[in-house]
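Have a look at the structure first, then read on.

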Amino acid sequence: MKKKALIPLLALTFLSLTACKKTCVCLGYDQLEHEFSEEQVDAIDGNCSNMRNYPVPNHYSVCNWE
């Protein structure tokens, strides 16, 4: 009986540890990638595509959520 109760608990623990977090990935003109967390994007303006202008206009060629 205890084993049946333990399986859902282990599954929930695994899911909470591997939960998907969005990352805003910006590609520089030099082809190097820079990642911003969802929290960082929210703190600046909340829009990943606008991060290409952070910290200066046209700093990155493109930014997309991954």
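What percentage of the contacts in the protein chain with a separation of 6 or more come from residues 24 or more positions apart? The figure is 45%, where contact means heavy atoms within 4.5 Å.

## What you're looking at

This is a predicted model, so local features need pLDDT of at least 70 and side-chain atom pairs count only at pLDDT 80 or more, while totals for chains, interfaces and linings use all residues. Residues are numbered from 1 along each chain as its sequence is written, and side-chain values use heavy atoms, with hydrogens and water left out.

The chain's mean pLDDT (the predictor's confidence in each residue, from 0 to 100) is 84, and 71% of the residues reach 70 or more. Helix α1 (residues 2–17) has the lowest mean among the elements, at 56, while β1 has the highest, at 98.

## Overall layout

The protein chain has 2 helices and 3 strands, taken as DSSP runs numbered from the N terminus (helices are H or I with at least four residues, strands are E with at least two). From the N terminus on, the order of elements is α-β-β-α-β.

Of the 66 residues, 15% count as buried; that means under 20% relative accessible area, with exposed being over 50% and partly exposed in between (1.4 Å probe, protein chains only). The accessible surface of the chain is about 5300 Å², and carbon and sulfur atoms own 61% of that. Those areas come from the Shrake-Rupley method with a 1.4 Å probe, and for residues only the protein chains shown count as cover.

## The sheet

The 3 strands make an open sheet in the order β2-β1-β3, with antiparallel pairing. β2 and β3 sit at the edges with a single partner strand each, so one side of each has no neighbour in the sheet. From one strand to the next, the twist averages 25°. Strands pair here if DSSP finds at least two bridges between them.

β1 and β2 pair over 5 bridges in the antiparallel sense. In that pairing, Val25 stands opposite Glu35, and Cys26 has His34 as its bridge partner in β2.

Leu27 and Val62 are 35 residues apart in sequence, yet their C-alpha atoms are 5.5 Å apart in space. Leaving out residues up to four places away in sequence, Leu27 touches Leu32, Glu33, Tyr60, Ser61 and Val62.

## The core

Which residues make up the largest nonpolar core? There are 8: Cys24, Cys26, Phe36, Val41, Cys48, Met51, Tyr60 and Cys63. A nonpolar core here is a set of buried Ala, Val, Leu, Ile, Met, Phe, Trp, Tyr and Cys residues joined through side-chain atoms within 4.5 Å.

Phe36 is a handy place to start browsing. Ignoring neighbours within four places in sequence, Phe36 is in contact with Thr23, Cys24, Cys26, Val41, Met51, Tyr54 and Tyr60.

Most residues other than glycine have a negative phi, and most peptide bonds are trans. A few spots here go the other way.

β1 and β2 form a hairpin with 5 residues between them, and Gln31 in the turn has a positive phi of about 70°. Gln31 is exposed, at 57% relative accessible area. Asn58, in the loop between α2 and β3, also has a positive phi, near 55°. Asn58 counts as partly exposed, at 43% relative accessibility.

And which peptide bond is cis? That's the one from Tyr54 to Pro55, with omega near 5°. Pro55 lies in the loop between α2 (38–44) and β3 (62–65).

Methods:
Axes fitted to C-alpha atoms, helices over the stretch in contact; angles between N-to-C directions.
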